[in-house]
Amino acid sequence: MLAVENLNVTLRNGHVEKHVLHNISFSIPKGKVVGIIGESGSGKSVLCTTIMQLFREKRTVTGNLSFNGMSLVELSEKEMRKLRGNEMALIMQNPMAMFNPIVTIGEHFTETIQAHRKITKKQATAHAKEQLKRFQLFDENILKKYPHELSGGMLQRVMIAIAASLNPSLLLADEPTTALDTTTQLEILKELKQLHATTEMSMLIVSHDLGVIANLAEEIIVMRHGVIVEKGPTSHILQHPRHRYSQRLVAARDEHSQLADLIDRFDEEITGELMQCDPGHWVRMEGSA
Ligand SMILES: Nc1ncnc2c1ncn2[C@@H]1O[C@H](COP(=O)(O)OP(=O)(O)OP(=O)(O)O)[C@@H](O)[C@H]1O
Ligand SMILES: [Mg+2]
């Protein structure tokens with residue numbers, strides 16, 4: 001369904017260039033959930049927005065991004081717009097960034113739905129109400145509210161509801177639970193799990209919380225400074241992490257210590273090549289040949 005091959009992304013800001021993603025390769029087969037874990041600044045959000053082909057004018061992208069056999073990099077903006085929302089949707093890291101503060105939640109819904117379906121506003125509103133219920137939001141007055149009138153958890157849930165409203169085959173969730181209290185985090189995780197169980201939507205879940213990833217994903221990708229450090233089946237990564245960096249991550253989870261502290265203490269450079277150590281389990285190491 002999604003195949004990322006040797007992806008390199010350089011951000012352009014005026015004359016300043018920054019090579020943010022280095023030779024990223026992975027795939028998300030149909031119906032699978034893949035999780036990406038990595039510290040702040042490792043390039044997770046840039047990866048998500050590059051898959052969605054956003055901010056194209058500010059990025060140089062090389063490598064392949066193939067979605068259902070289409071090369072996303074080669075699609076025109078018009079063709080991409082047809083895919084976004086409809087076939088692939090992104091839940092952004094900052095919910096406020098996705099909402100226009102002067103537009104009601106209801107209008108956000110109907111705009112998204114009507115952009116892709118030829119239906120009346122009334123039908124779109126009815127569809128929006130169904131979507132709210134699907135995510136346990138039973139108060140229809142939500143549709144009349146403005147984004148700032150909702151709590152963070154509520155807004156996050158609305159964002160998932162909007163993203164899922166057209167039943168995309170791929171959902172990218174960039175830190176869907178960060179900035180939420182623990183109870184709300186668990187609820188959002190439950191919603192995402194439920195969504196996956198009922199629709200078999202493929203998902204990419206991004207987080208810097210290994211617990212979140214381990215809970216949802218069948219495969220884990222560990223990223224640092226724009227490179228993949230290790231990737232493999234979730235159980236392998238949790239039980240037999242090979243790279244010292246991943247070992248620290250897993251140990252930190254068991255010790256319930258904060259990722260931030262751990263990162264501060266990890267000052268080794270990530271070098272070497274990704275090599276397969278077990279079936280489907282890849283780790284970056286120095287070549288032994
Ligand atoms: N608009 C931008 N202009 C310049 N640099 C940027 C921009 N967006 C991201 N970067 C840089 O790209 C790198 C990757 O950023 P990105 O936001 O993808 O990290 P992240 O892994 O999502 O971090 P976080 O966990 O904090 O969300 C960082 O070094 C960041 O400073
Ligand atoms: Mg991010």
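1. In what order do the eight strands of the open sheet lie? In this predicted model, the order is 6-7-8-3-9-10-12-11, and the pairing is mixed. Strand 6 (88-91) and strand 11 (273-278) form the edges, each of them pairing on one side only, and from one strand to the next the twist averages 20°.

2. Within this sheet, strand 3 (residues 33-38) and strand 9 (residues 219-224) run parallel and are joined by five bridges; I36 has I221 of strand 9 as its bridge partner. Helix 1 packs on the sheet, where it touches strand 3, strand 6, strand 7 (170-174), strand 8 (202-207) and strand 9, and its direction makes about 155° with that of strand 7.

3. The surroundings of ligand 1 comprise 14 residues, of which S40, G41, K44, S45 and V46 are the closest. Strand 1 (2-13), strand 2 (16-28) and helix 1 (44-51) are the elements that give two or more residues to this shell, and helix 1 supplies the largest share, three residues. By class, the shell has nine polar, three nonpolar and two charged residues.

4. The largest nonpolar core holds 67 residues, among which A163, L171, L172 and I205 touch the most other members, while helix 6 (residues 152-164) contributes the largest share, eight residues. Nonpolar side chains tend to be buried together in soluble globular proteins.

5. L172 deserves a separate look: once its neighbours within four places in sequence are left aside, L172 is in contact with C48, I51, M52, M88, L90, I91 and L204.

Methods:
Residues are numbered from 1 along each chain as its sequence is written. Chains are lettered from A and ligands numbered from 1 in the order in which they are written. This is a predicted model: local features need pLDDT of at least 70, side-chain atom pairs count only at pLDDT 80 or more; totals for chains, interfaces and linings use all residues. A residue is near a molecule or strand if its C-beta atom, placed from the backbone, lies within 6 Å of it. Helices (H or I, at least four residues) and strands (E, at least two) are DSSP runs, numbered from the N terminus. Ala, Val, Leu, Ile, Met, Phe, Trp, Tyr, Cys and Pro count as nonpolar, Asp, Glu, Lys and Arg as charged, and the others, Gly among them, as polar. A nonpolar core is a set of buried Ala, Val, Leu, Ile, Met, Phe, Trp, Tyr and Cys residues joined through C-beta atoms within 7 Å. A residue is buried if 20 or more other C-beta atoms lie within 10 Å of its own, exposed if 12 or fewer, and partly exposed in between; C-beta atoms are placed from the backbone. Two residues are in contact if their C-beta atoms, placed from the backbone, lie within 7 Å. Two strands pair if DSSP finds at least two bridges between them. Axes are lines fitted to C-alpha atoms, for helices over the stretch in contact, and angles run from 0 to 180 degrees between N-to-C directions.
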